[in-house]
Structures are given as structure tokens and as C-alpha cells.
Amino acid sequence: QKTNGPAQGDLGGSSMPVARPLLPPSPPGVLRISSRVMNGLLETKVDPVYPAESIALDAQGTVVVLATVDRTGEVRDVQAVSGPMRFRDAAVAAVKQWHYRPYEMEGAAVVVQTAITLNFAPPR
């Protein structure tokens, strides 16, 4: 498991309630799978880097990204769907480096989509 920087990725277990963003529908043929299920398949996780320009602002926030995972477990598409603009690029860049075990349905790997919540706080 790789880590990079002080920001921590949270797969939905935050102690603070976060309003769920309205997610766009998944593409045809792509299953939407919960982050809890996908967390169990996560093999490589790269934590997002807290943006240096946000340190002086003592900024914090939560970003939700929607990730598409192909049949091999590679993350193929990541888009930020909510959260402060200042953290979105870091969240997307980190999740693009994640890798999962393939999600299987009836014995065959399938393409899936999942929402991932990443929390950003200034380094202490």
C-alpha cells in the first residue's frame, strides 16, 4: 500500500455526517457498487497530497469522486462530483493510482463504478 502526503482517503467511515451528492447514472453495462464492498477489494491505495497552497488557509473539506473500475481492477475514469474545488484535483490524481481486485458477478469480472469519499485536513 502506497501513501503520499498527509491527506487521508476515507471510504465512507467519516465521523462527521456528509451530505450525499446526487450521483449521475452509471453508464450502460456498468454496475454501481458500494464503497464498502469495493473497499474490501482495494489492493493499492495512494493517499491524496494536501495542496500546499491550502496550508496557509488552514482549509479542510471532503471530496466525493466517482471511479470506474475495469475488469482487471484498474481505475479507468475518475471524476469529482462534490467537494471544494481546491481539493478535487488531488483527490482525482490519487484515486487514478488505486488498484482493485476485479469485481466478479456470476464468476466473471465486470466493469463497476463506485463513489469514494476523501477527507482533507491541513497537516499538523
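1. A salt bridge is a side-chain nitrogen of Lys or Arg within 4 Å of a carboxyl oxygen of Asp or Glu. By that rule R124 forms a salt bridge with D58, with the closest N and O atoms 3.3 Å apart. The two partners are 66 residues apart and link distant parts of the chain: R124 is in the segment after β9, while D58 is in the loop between β3 (42-44) and β4. The model is a predicted one, and every point below should be read with that in mind.

2. How exposed are the two ends of this salt bridge? R124 is exposed, with a relative accessible area of 82%. D58 is partly exposed, at 43%. The cut-offs behind these words are over 50% for exposed and under 20% for buried, so a value of 43% falls in between. The backbone of D58 also deserves a look: its phi is near 55°, a positive value in a residue other than glycine.

3. The structure holds three salt bridges. One of the others joins K45 to D47, where the closest N and O atoms are 3.9 Å apart. Because the limit for a salt bridge is 4 Å, the value of 3.9 Å still counts. K45 is buried, with a relative accessible area of 13%. D47 is buried as well, at 5% relative accessibility.

4. D70 and R76 also meet through their side chains in a salt bridge, at 2.6 Å from N to O. Which of these two residues is buried, and which is exposed? D70 is buried, with a relative accessible area of 14%. R76 counts as exposed, at 58% relative accessibility.

5. For the overall layout, the chain has two helices and nine strands. Read along the sequence, they follow the pattern β-β-α-β-β-β-α-β-β-β-β. The chain has 124 residues, and buried residues make up 42% of them. It exposes about 7,000 Å², of which carbon and sulfur atoms supply 52%.

6. With strand β9 (residues 112-120) it pairs in the antiparallel sense over nine bridges. Within this pairing, T68 stands opposite Q113 in β9. Six bridges join β4 to strand β5 (residues 75-82), and these two strands also run antiparallel. Here A67 stands opposite V78 in β5. As a general point for reading such strands, in a regular strand the side chains alternate between the two faces of the sheet.

7. β4 and β5 form a hairpin, with five residues between them. In the turn, G73 has a positive phi of about 95°.

8. Helix α2 (residues 85-95) has buried residues of its own: F87, R88, A90, A91, V92, A94 and V95. What covers them? The cover includes β4, β5 and β9. These are the strands whose pairing was described above, with β4 joined to β9 over nine bridges and to β5 by six.

9. Two residues around strand β7 (residues 103-105) complete the note. E104 lies in that strand and is exposed, with a relative accessible area of 53%. E104 and R71 are 33 residues apart in sequence, and their C-alpha atoms are 8.4 Å apart in space. E106 is found in the loop between β7 and β8 (108-110). Its phi is near 55°, a positive value in a residue other than glycine. E106 is exposed, with a relative accessible area of 83%.

How values were computed: Residues numbered from 1 in each chain as written. Predicted model: local features only at pLDDT ≥ 70, side-chain atom pairs only at ≥ 80, totals over all residues. Heavy atoms only, no water. Helix = DSSP H or I, 4+ residues; strand = E, 2+ residues; numbered from the N terminus. Buried < 20%, exposed > 50% of the residue type's maximum accessible area, 1.4 Å probe, protein only. Pairing = 2+ DSSP bridges. Contact = heavy atoms within 4.5 Å. Areas by Shrake-Rupley, 256 points an atom, 1.4 Å probe, with all protein chains shown as cover.
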